[in-house]
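Here are my notes on this one, jotted down as I went through it. Have a look at the structure first, then follow the points below.

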Amino acid sequence: MALEIYAYQCKKCGQLHYPFRMVCKKCGNMEPFEFNTVALPKNGKLLTFTTVHNLPPDFNVAKLSLGIVELENGLRITGQLKVPSPKIGMAVSGKVEIVREAEYSKNFGMVFYPA
């Protein structure tokens, strides 16, 4: 079973939003159930990245690379990078995985790999 992360599309004007917004940023639609869910694409281009060295104790790694990726549909998403030598502008491919795990909970997010 492939896991997905969803964007929200305004039913009035078609504008995509990620993450969810209460008001459409294009047409101002404020109706609570006037958005469709749309699976985010998995491929994109790395816009910028950083490495975090001082993580909270429930991360089981010494450091973590994060990147902002512009997806094929133009939306931007932050995700973990599993790229040995990241370069701005490089093509990446994402997969929804567990990004943080505590004793009784699992948090999912996008993890990007070289395309």
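1. Let's start with a pair of residues facing each other: glycine 44 sits opposite leucine 71, which belongs to β5. Keep in mind that this is a predicted model. The strands behind that pair are β4 (residues 43-52) and β5 (residues 64-71), which run antiparallel and are joined over eight bridges.

2. On to the next strand. β5 also pairs with β6 (residues 76-81), again in the antiparallel sense, this time over five bridges.

3. Now the turn. β5 and β6 make a hairpin with four residues between them. Check glycine 74 in that turn, as its phi is positive, about 95°.

4. Is alanine 7 buried or exposed? It lies in strand β1 (residues 6-10), and with a relative accessible area of 1% alanine 7 counts as buried, because the cut-off is under 20%. Beyond its neighbours within four places in sequence, alanine 7 touches Leu16, His17, Tyr18, Asn36, Thr37, Val38, Leu40 and Leu75. Alanine 39 is worth a glance too: 32 residues separate it from alanine 7 in sequence, yet their C-alphas are 6.2 Å apart.

5. Last, the surface. Valine 23 is in the loop between β2 (16-17) and β3 (35-39), and it counts as partly exposed because its relative accessibility is 35%. Together with Phe20, Met22 and Met30, Val23 forms a nonpolar surface patch, with about 420 Å² of accessible area for the four together.

Methods: Residues numbered from 1 in each chain as written. Predicted model: local features only at pLDDT ≥ 70, side-chain atom pairs only at ≥ 80, totals over all residues. Heavy atoms only, no water. Patch = residues over 30% accessible without salt bridge, like charges linked within 9 Å, V, L, I, M, F, W, Y side chains within 5 Å. Areas by Shrake-Rupley, 256 points an atom, 1.4 Å probe, with all protein chains shown as cover. Salt bridge = Lys/Arg side-chain N within 4 Å of Asp/Glu carboxyl O. Helix = DSSP H or I, 4+ residues; strand = E, 2+ residues; numbered from the N terminus. Buried < 20%, exposed > 50% of the residue type's maximum accessible area, 1.4 Å probe, protein only. Contact = heavy atoms within 4.5 Å. Pairing = 2+ DSSP bridges.
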